[in-house]
Amino acid sequence: MCCMSVLTRDEAHNRAKLLDVQHYTVELDLTTGDDTFASRTVIRFVSRADADTFVELKPVDLHSATLDGTPLDPATLDDNRLPLTLAEGPHELTVTATMRYSHTGEGMHRFTDPSDGETYVYSQLFLDDVQRVYAAFDQPDLKATFDLTVTAPDDWTVLANTVTTDHGDGRWTAATTPRISTYLVAVAAGPWHSVRTEHRGLPFGIHCRRSLGPYLDPDADEILDLTKALFDRYHEKFEEPYPFDSYDQAFVPEFNAGAMENPGLVTFRDEFVYRSAVTETERQTRAMVIAHEMAHMWFGDLVTLKWWDDIWLNESFAEYMGYQTLTECTRFTHTWVDFGVARKAWGYDADQRPTTHPVAPDAVDDTASALLNFDGISYAKGASALRQLVAWLGEKDFLAGINTHFARHKFGNATLADFLDSVASATERDVHGWADAWLRTTGVDTLTAAVTAKPGTWSLALDRDGSRPHRVTVGVYDRDLNDTDALVLRERLDVDLPQDAPTTRTGVRPALVLPNDQDHTYAKLRLDTDSEETALRALSAVPDPLARAVLWNALRDMVRDGDLEPAAYLVTADAHLPAETDLALVQGVLTFAATHIADRYLTPEQRPEALTAVTGICRALIRRTEDGDNPGLRLTAVRHLISAAAHPDTIGDWLHEGTVPGGPELDPELRWRILARLAVLGATDHAAIDAELARDPSATGQEGAALCRAALPDPESKQAAWEALFHPDDRLSNYLFTATARGFWQPEQADLVAQYVPRYFTEAIALSARRGPAIATAVGHHGFPVHAVDPDTLALGRACLADPETTPALHRRLADQLDDLARALRIRSA
C-alpha cells in the first residue's frame, strides 16, 4: 500500500507553535541500485516546550534515527511518522534510511530513456511527497535553510535549488539555500544536455535528457530570451529582487504537472521540448508556463502560504502574473485570448460542479483534501478574480500592495488576511469586502443583457444572477456601412454591477452589445435577443479576438446549460471558424465540438453527422491555407481532421505517403496520431504498430504504441490493455498508464468494451489505493468511460462514490466525471 497518514491542519498548527526549524543537511546516494537510493538527513531545530511530536518519513527501510545522539527505536515508525519526545531547547535529529524510487512522478522519479538507455532521476516533492525522499517536518510554514549533498554516477550532472559543485567521484554539493519550505527542495540528476548563460550576474541554464538535445538546441535562444525578458519585467514590477543564486529550468520526463516552481530549479514536463511541429499558440503556452513558474519565485517561494487553504496565494497569482507579464514584454501579445477559451473554461466547468470550493476556503482540513484543490478554481477562477481586482482597484495600487506584502513577509509565510492587509494599505477601497464576495463564495454569476431602444437613444440594463460586484467593459458594435458582413466598434463603456440604473446612450440601437467585452470579469453571459442573433450570424466579423473569445465562451456555456442546441453550435462553428485567424480560438472551438458535443452531448446516432461537421471545418481551413501563409492554422486543422476521421482511406494515404498533400510532412506526432485513429477504425494491426515503434523508439513512441495497441478493436487487445492497466504487478509508469487508458475507451467501440464499464468502478478503487494519488487521478480522468453516457453508468459511479474504500483523489475525479455525465444526459434529453 502506498498511502501515508495525512497531516491535518490542527496538527500542523500545533507543531508550528512548538518548533523552530533552522537547518537541514540532506545526503542522497543515487548509486545504490535501480530500485532504491540512500537518504541521510540531519535536522537542527528548537523546541519551545517539553512535548511530543513527530517527523515524517516513508522509507523502504529505516536504518537508524538518533535524537541529540541518543538512538531511537526504528520500530516506533508508524506508517510515515517517527515519534519524538522533546525537551525544551535545541535539538539535532539524524535519520538514515533507504528510500524507493518512484515511477509515478511522485517523490524521486526514476526514468530510463528507451532511445539511448540513459537514466535520469528528479524530485517532485509537492505537496507531501518530501517524506518519500528525506525525513522532514513536512509542512509549508516550517521553513529552514538546506545543505544538500548528492552522490551520483560519474557521468551525471546534479542540479539543485542553488549552484552545485562537482567534487569528483560522483559527489556534488549545493550551496546553502535561503529559508524555503520542505516541499520546494529539488534535485535533478542524470547525463543532462545543458545550455548555459548568464543574466544580471546570475547563472541561467536549460536542461533536458541527451536524446532531446537536438530538439532543445534550436529553441534554446527563444527559451532563454523569454526567460531574460520575463526576469527583467518582474524586476520592474517587484521591488524585492530575485532571491536565489541561480535560475535553472530542467525539462524532465514523465512529469505529472505542467511544471513545478522549485526555487532556482524549475522542472517542466519535457513535452515542452518539441520533437515535432507546433503552432505559435503552443509556443505561447510554453512561454506562459515559464512566466507562471518564474512568478512563483516571489508568489510561493519568497513568500509561502502558511497552510494549504491559501493555495490561491501561490497559484492564482502565478497564473495571473504569468499571462499579464507575458503580454507586456514578449511577442505573445494576445495571451488573454488563450486564457479565455482554454483556462477560463476550465474554471467555469469546475465551479459548476458539486466539488467546487471557494478560491480561498475557510479551512482545508488535511493534506489529502488540499491536493484536490489544485484545480480550475485555484488557477483559472483565482486568476480571473485577480484580473477583476486589478480592473476595480487599478494596477498601480495593486502592485503597491503586492510589494508591501513581499516586504512584510519575505522568506516567511503569509495568509489571506496578511495579503488583504497589505493591499488595503495601498488603497481606500474596501478590499476585505471585495475578498468576502469574490474569494469566499462559490459558483459562477450570470450577467444578462437587456437592450431597449427609442428614437435617438438606446439603453442597456445588466441583470446579475449572483452576489459578486463586477466592473465590466461593454463593447458596442455596429454593422460596417461599407461592408455589411463586418462589424465595427462604436464605443466601449465601463459599467459597475449591481447597476443603479440602465445605461442610456444616444444613437441608434447597436447590432451587438457585448458585456465583458475585454473579459475582465468572471461570469457567464446571456446576450439580448438581437445581439445573440448577430453573434450567431456574424461572430467572425467581430474585429477583436478577445471579444470573439467572450462570445465563443457564451455559446459554449449556453450549450452546457441547455439554452443552445449542440447542433446550433456546430452550425455556428461551420459558419465562422473557417474565417477565424486566432489559433487559440480555432483550437478551443474544435476541441469543444469534438470532445464534448460529438462525443458526449449528441447521441451515438447523431455523432457521425457531428464528426462530418468537424472534418468539414478542418477541410475548409486546409483549403484556406494551401498557400502556406499560416502553417500553424493548417497544422491545427490537420490534427483535428485526423482525430475526427470516420473513414481510414484519406489519412491512411497520408501515412503511406508520409505527407499531407500540400504539407505538412508527417513528423512523429502526426504519424502516431494517424496510426491511433486507424487503430480505432480497425484499419491497422500490431505489426504496423511495431514497425512504427521501430521507426520511433523514443519514450513518446512507447506511449504512442501503448495507446494504439489499446485502441485496436478486438477482444484480445482490449483484454491485454485492461490487464496492463489494472494488473497488481503495476508495470506501467504514470505516462504509459495514461496512454493505455486513453486508447482503451473509444465511442466507436462501445459494444466491444461494454463488459468493462462495471469492472472499472470496482477495479479502479483497488488500483487507486495501491498506487497512490497520481495514478488515482489518471484512472479517474483518462481511465473513465466517458463515452458511456447512460443512466446505468451514472448509477454505477454513484455506488462507487459511496464506497468508503474510494480514495480522496479517485473520489474527486469520479465526482467530477459523474457530474459531467449527468449534464450530458440532461442535454441529450433536452
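A residue counts as buried here when its relative accessible area is under 20%. R353, with a relative accessible area of 17%, is therefore buried. Keep that cut-off in mind, as it comes back throughout this look at a predicted model.

**Salt bridges**

Let's stay with R353 for a moment. Its side chain meets that of D820 in a salt bridge, at 2.8 Å from N to O. R353 sits in the loop between α5 (335-351) and α6 (367-372) while D820 belongs to helix α26, so the pair ties together parts that are 467 residues apart in sequence. D820 is buried as well, because its relative accessible area is 15%.

That pair is one of 58 salt bridges found in a search of the whole structure. Another one joins E222 to R286, with the closest N and O atoms 3.3 Å apart. Here too, distant parts of the chain are linked: E222 is in helix α2 and R286 in helix α3 (residues 280-296), 64 residues apart. E222 has 18% relative accessibility, so it counts as buried, and R286 counts as buried at 2%. Both residues also belong to a network of salt bridges that links D219, E222, E280, R283, R286 and R331.

Then there's D129, which forms a salt bridge with R132. D129 counts as buried at 7% relative accessibility, and R132 does so at 17%.

| Pair | N to O distance |
|---|---|
| D129 and R132 | 2.7 Å |
| E222 and R286 | 3.3 Å |
| R353 and D820 | 2.8 Å |

**Helix α8**

The buried residues of α8 are F398, L399, G401, I402, N403, H405, F406 and H409. After α8 comes F411, with a positive phi near 60 degrees.

**Helix α23**

Where does helix α23 (residues 756-771) bend? The bend is at T762, and it comes to about 30 degrees.

Buried residues in α23 include Y756, V757, Y760, F761, A764, I765 and L767, as well as S768, A769 and R771. Among the elements covering them are α21 (715-726), α22 (734-744), α24 (773-781), α25 (791-802) and α26 (808-829).

**Strands around β13**

Strand β13 (residues 171-174) pairs with β10 (residues 145-151) in the antiparallel sense, over 4 bridges. In that pairing, T149 stands opposite T173.

β13 is also joined to strand β12 (residues 164-166), again antiparallel, by 3 bridges. There, T164 has A174 as its bridge partner. β12 and β13 make a hairpin with 4 residues between them, and G168 in the turn has a positive phi of about 85 degrees. As for where side chains go, in a regular strand they alternate between the two faces of the sheet.

Note on methods. Residues are numbered from 1 along each chain as its sequence is written. This is a predicted model: local features need pLDDT of at least 70, side-chain atom pairs count only at pLDDT 80 or more; totals for chains, interfaces and linings use all residues. Side-chain values use heavy atoms; hydrogens and water are left out. Buried means under 20% relative accessible area, exposed over 50%, partly exposed in between (1.4 Å probe, protein chains only). Helices (H or I, at least four residues) and strands (E, at least two) are DSSP runs, numbered from the N terminus. Two strands pair if DSSP finds at least two bridges between them. The bend at a residue is the angle between axes fitted to the seven residues ending there and the seven starting there. Contact means heavy atoms within 4.5 Å. A salt bridge is a side-chain nitrogen of Lys or Arg within 4 Å of a carboxyl oxygen of Asp or Glu.
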